Amino acid sequence: MTKTIKKQEKPAASYPLRIQAIKTKGQNVRFFVYIPMPLAAALGVEGGEQVSWELLTRKELHLLRKAPPPVKAKRRT
């Protein structure tokens, strides 16, 4: 009997970041997550876009875009 080793897939790109906590007097703590510019540029993210979070597990969180703009792919000649 042979053992099959499951190979973990590496993400195409990884952008480590920290969550920023803002503590304002008289208000609850707010948390902010910033999208790094290379990732934002690759996704075509624009300011003011509506997004929501989808909690899959305690280790996995997905960001869902409500209405992403159409792909602006450049055609190679």
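Okay, let's start with Ser52: its relative accessibility is 22%, so we call it partly exposed (buried is under 20% relative accessible area, exposed over 50%, partly exposed in between, with a 1.4 Å probe and protein chains only). Bear in mind that this is a predicted model, where local features need pLDDT of at least 70 and side-chain atom pairs count only at pLDDT 80 or more, while totals for chains, interfaces and linings use all residues. Residues are numbered from 1 along each chain as its sequence is written, and side-chain values use heavy atoms, with hydrogens and water left out.

So where does Ser52 sit? It's in strand β3, residues 51-57. Helices (H or I, at least four residues) and strands (E, at least two) are DSSP runs, numbered from the N terminus. The chain has one helix and four strands, in the order β-β-α-β-β from the N terminus.

Who does Ser52 touch? Skipping neighbours within four places in sequence, Ser52 contacts His62, Leu63, Leu64 and Lys66, a contact being heavy atoms within 4.5 Å. Between the C-alpha atoms of Ser52 and Lys66 there are 7.4 Å, with the two 14 residues apart along the chain.

Now the salt bridge, meaning a side-chain nitrogen of Lys or Arg within 4 Å of a carboxyl oxygen of Asp or Glu. Arg65 and Glu49 make one through their side chains, at 2.9 Å, N to O. Arg65 is in strand β4 (60-65) and Glu49 is in the loop between α1 (37-43) and β3, so the pair ties together parts 16 residues apart in sequence. Arg65, at 24% relative accessibility, is partly exposed, and Glu49, at 22%, is partly exposed.
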